[in-house]
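Biologist: I'm new to this one, could you walk me through it while I look at it?

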Amino acid sequence: MRVISGTARGRKLKEPDGRRVRPTTDKVKESMFNIVQFQIQDAAVLDLFAGSGQLGIEALSRGAESVTFVDSARDSVKLVRENVRTAGFEERAQIFQTDAIGFLEHCGKFDLIFLDPPYDTDLIDRALEKIIEFDILKNDGIILCETKDDRVLGEPAAPYCAGRTYHYGKIRLTVIHRPGDE
């Protein structure tokens, strides 16, 4: 696992032990960042269900102003801290070990949110519901959701809108956005 592009390009990141955390493959990660390439510069990013932290670290490497990493597992948070340090982004990262859904109730607003929870749970639905309920995505912001390919997300409540979906083997990426004021 490595940083693909930006100021930390080529830096190797530690991978999680065991099978509890499923890191996003480099191919899918590169596709994700092609999708959101114009939203990253100076963005406030939320990497919910951070796992190893690789998505947030990639965003920092590509010019995000800050990334908030959230994971409930102690070993994942430790891994995120190590990887953030390896990439040299400690000053632009906030790392929380807490319940991701509860965190959404008091977290502020973000330009870009990565949602990549464990696949065989209802966490993506619960997270999207709370993101919309607490309206934590800034105008013109994007939520990028990674799920199994057979998982179709429902239409979000206004003012949020479902965007394109992308398929990469057994993985589906779904874009949800919040239009700006007209």
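Biologist: Is Lys-14 buried, exposed or partly exposed?

Modeller: This is a predicted model, and in it Lys-14 counts as partly exposed, because its relative accessibility is 48%.

Biologist: And which residue does Lys-14 form a salt bridge with?

Modeller: The partner is Glu-82, and the closest N and O atoms of the two are 2.8 Å apart. Lys-14 sits in the segment before helix H1 (26-35), while Glu-82 belongs to helix H3 (residues 74-87), so the pair ties together parts that are 68 residues apart in sequence.

Biologist: What about Glu-82, buried or exposed?

Modeller: Glu-82 is buried, its relative accessible area being 19%, where the cut-off for buried is under 20%.

Biologist: How many salt bridges turn up in the whole structure?

Modeller: A search of the whole structure gives 10. One of them joins the side chains of Lys-148 and Asp-120, at 2.9 Å from N to O. That pair also links distant parts of the chain, since Lys-148 is in strand S5 (residues 137-148) and Asp-120 is in the loop between strand S4 (110-115) and helix H5 (123-134), 28 residues apart.

Biologist: How accessible are Lys-148 and Asp-120?

Modeller: Lys-148 is partly exposed, with a relative accessible area of 33%, whereas Asp-120 counts as exposed at 66%.

Biologist: Where do Lys-130 and Glu-133 sit?

Modeller: Both are in helix H5, and because they are 3 residues apart there, about one helical turn separates them.

Biologist: Which residues are linked in a network of salt bridges?

Modeller: Lys-29, Glu-58 and Arg-62 are linked in that way.

Biologist: Switching topic, how many helices and strands does the chain have?

Modeller: The chain has 5 helices and 7 strands, and read along the sequence they follow the pattern α-β-α-β-α-β-α-β-α-β-β-β.

Biologist: What radius of gyration does the chain have?

Modeller: The radius of gyration is 15 Å, which agrees with the value near 16 Å that a compact globule of 182 residues would have. The C-alpha atoms fill a box of roughly 40 × 35 × 30 Å along the principal axes.

Biologist: And what share of the residues is buried?

Modeller: Buried residues make up 53% of the 182 in the chain. As for contacts between residues at least 6 apart in sequence, 65% of them join residues at least 24 apart.

Technical notes:
Residues are numbered from 1 along each chain as its sequence is written. This is a predicted model: local features need pLDDT of at least 70, side-chain atom pairs count only at pLDDT 80 or more; totals for chains, interfaces and linings use all residues. Side-chain values use heavy atoms; hydrogens and water are left out. Helices (H or I, at least four residues) and strands (E, at least two) are DSSP runs, numbered from the N terminus. The radius of gyration is taken over C-alpha atoms; the globule rule is 2.2 Å times the number of residues to the power 0.38. Buried means under 20% relative accessible area, exposed over 50%, partly exposed in between (1.4 Å probe, protein chains only). Contact means heavy atoms within 4.5 Å. A salt bridge is a side-chain nitrogen of Lys or Arg within 4 Å of a carboxyl oxygen of Asp or Glu.
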